[in-house]
Amino acid sequence: MNTAIKARRARKKLFGNTVFHGFGLIASFFFLAPFIWAGLASLRSNAEAQSPPLPPWPKNGISVDAYLTLDTFGAGVWQHTMNSLLVSAGTVVLTVIVSILAGYGFSRYRFPFKNLMFVLIIATLMIPFQSILTPLFIILAKLGLNNSLLGLTLVYVTLQLPFSVFMMRNAFDAVPREIEEAARIDGARDLKLLVRVLFPLVLPGVVTVAIFAFLNAWNEFLAALILLSDNEKYTLPVLMTAVRAGRLGAINWGALQAGVMVMTIPCLVVFLLLQRYYMRGLMAGAVK
Amino acid sequence: MSDAKCGMRLQNVRKDFGKVPIIHGVDLEISEGDFVVFVGPSGCGKSTLLRMIAGLEEVTDGSIEIGGREVTDLDPSLRGIAMVFQSYALYPHMSVRDNLGFGLSMANVPKDEIARHVAEAARILKLDALLDRRPGQLSGGQRQRVAIGRAIVRKPEVFLFDEPLSNLDAELRVSMRIEIARLHKELGNTMIYVTHDQTEAMTLADKIVVLREGRIEQVGSPREVYENPDNTFVAGFIGSPRMNLLNGTIAGKTIDIAGSTILAHAHSLEGHSAVIVGLRPEHLEVVTAEPCTLAATVDFSEYLGGIGYLYCQLADGQTVTVEQREGEDYKAGDRISLSWRPEKLRLFSADGARIRP
């Protein structure tokens, strides 16, 4: 009797586990399939590049032809990757610095029109940035920053800031005031307070801001296309459009898949590196 | 102008939040080495006053001196104070060792010296085994000890405690209370302690400061504020269960309370038409017949083992609590007479001020 119940329970548990993991496997297959497909396809040789997409894997051995072809577009894939990395890293660094300072100010200081200003900053999210590209172009031209990666970086930072300031203000709001007061009594002031005490406590917020800033700057196309005019200054998304547009009407699908991989890998690396800082319970033990 | 013995001096200290006055001109002098407890109901400004002493709240007006030094506008870290917060406020990303040493490292104290100070504080508070843990891995009592340790390491002139025990469970609270008392004896510093817990106030304090609505109602030793309250507020606030405060009217040289006539004893009733009679529950006695008595009806009684309480009602509806050490049991509805020793009677004028004999 007892063993029968146990056996039934074990069967039920096994069934539950199977369904659970089965569903997880199917879901992850759907998410990973495009990447696997593109990755395999990018390893086909030139001869295979124009053959039908199924099966996606290379039939005559692995080759890096597609990547070599990709390098013949624009100023070479290295140049464009470096451009993209520069712009994205610059965007991340500037966004993080400015949003930490702004978020701290909005969270802790009292000043006139604080809430109004905060709402105004958030409200800029409602403006589609395509609609302000022309004025942005003119401003950059006046500043002598048109057709420069620095100018593009500044535009990305501006676009990234409303969300980031919002994130950082919430992150600072979550830090108990007493910790800051304890630190002030311990003699930590201003920058020291921010760096030694508060920064580690808002790290999850900083990581979120950094990941979003990186992904958005890395993938942005329209502003890069319009604000840059030199071939060797284009970022990867612009290069990719050139590859997709093809040469003389012929699209090199192998090169395109290679480009997809080149664009994907840094995003994965950034995410995998930073996601472990989303530590839960970081604040545990601080108060109460 | 202050002598070396002066631990702290507050002069006409005021605090407004916007247009709302929170602290209305507090004057207070604390001698060096005193354990001073601020008590009062919530919202009375006791925490605000402490935070002003710490430098965490700006002072609207008045001056604060610590150890003979004017500190009113000084940065918190330069005032020679250390504070223990109700919520501990430990740095969660640092080990206990770093939590303790943080203040010294901010003051650029050499590493070996920091290590020595940390080791000493850890020894005093028995934290030696926990130095490499993070606050998240500690129990509530251990966290509070770390918070106190962080204060000790700074070697302050004055320790400030903001309700440090209210997050702990009852048992731990008692042992931490004893630990704080021991610490005061061992270190001999001036300590200011904010609480709303009377037991903490009575047991720890050399001096109790009773606050209400941003004003000091009375300053005195625990015995003074208990036995000799300045007004009905202090009389009712200190002591549990609270003092019976009965409204009476003057009839010649006697006081009439709900139909019972009682004597004013040594008090002069001149110039009053109504008074408030204060009698502590433990000073009331159930008697069969005596000239000076109060007639009451038992509402219900509580038996707590060693003692019991009778909750009674007078003819006009005023309630009286009586503490009973021994004697017979009374049931609801029993009519009793209450008596007291004349010197235990406290008289207050109708506006609450004490009428002293």
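## Pocket

Asp, Glu, Lys and Arg count as charged here, while Ala, Val, Leu, Ile, Met, Phe, Trp, Tyr, Cys and Pro count as nonpolar and the others, Gly among them, as polar. On that scheme, the lining of the largest pocket in this predicted model has 17 charged, nine nonpolar and four polar residues.

The largest pocket holds about 960 Å³ of space. Its lining has 30 residues, and those closest to the pocket centre are Arg177(A), Arg184(A), Leu56(B), Glu57(B) and Glu58(B). Both chains contribute. Helices H4 (77-108), H8 and H9 of chain A each supply at least two lining residues, as does strand S1 (6-17) of chain B. H8(A) provides the largest share, four residues.

## Cavity

The structure holds one cavity of 30 Å³ or more. The volume of the largest cavity is about 50 Å³.

By class, the cavity lining has six nonpolar and three charged residues, with no polar ones.

## Nonpolar cores

The largest nonpolar core has 74 residues. Leu10(B), Phe38(B), Leu160(B) and Ile192(B) have the most contacts inside it. Helix H13 (residues 253-274) of chain A gives the most to this core, with seven residues.

What does Phe38(B) touch, leaving out residues up to four places away in sequence? Its partners include Leu28(B), Leu49(B), Leu50(B), Ile53(B), Ile192(B), Val194(B), Val209(B) and Leu211(B). Lys46(B), Tyr193(B) and Thr195(B) are also touched by Phe38(B). In soluble globular proteins, nonpolar side chains tend to be buried together.

## A covered helix in chain B

Helix H2 (residues 96-106) of chain B is mostly covered, with eight of its eleven residues buried. The buried residues are Val96(B), Asn99(B), Leu100(B), Gly101(B), Phe102(B), Gly103(B), Leu104(B) and Met106(B).

The cover comes from both chains. It includes H8 and helix H9 (190-201) of chain A, along with helix H3 (111-124) and H4 of chain B. After H2(B) comes Asn108(B), with a positive phi near 60°.

## The two chains

Chain A has 13 helices and zero strands. Its C-alpha atoms fill a box of roughly 85 × 70 × 30 Å along the principal axes. The radius of gyration of chain A is 25 Å, whereas a compact globule of 288 residues would have one near 19 Å. Of the 288 residues of chain A, 40% count as buried. Among chain A contacts between residues at least 6 apart in sequence, 73% join residues at least 24 apart.

Chain B has eight helices and 21 strands. Its C-alpha trace spans about 75 × 45 × 35 Å along the principal axes. Of the 357 residues of chain B, 54% count as buried. Among contacts in chain B between residues at least 6 apart in sequence, 66% join residues at least 24 apart.

How values were computed: Residues numbered from 1 in each chain as written. Chains lettered and ligands numbered in written order. Predicted model: local features only at pLDDT ≥ 70, side-chain atom pairs only at ≥ 80, totals over all residues. Heavy atoms only, no water. 1 Å grid on protein atoms, 1.4 Å probe; cavity = no way out; pocket = protein on both sides within 12 Å on 5 of 7 lines; lining within 4 Å. Points joined across faces, edges and corners; volume = space filled by probe spheres on them. Core = buried A, V, L, I, M, F, W, Y, C linked by side-chain atoms within 4.5 Å. Buried < 20%, exposed > 50% of the residue type's maximum accessible area, 1.4 Å probe, protein only. Contact = heavy atoms within 4.5 Å. Rg over C-alpha atoms; globule rule 2.2 N^0.38 Å.
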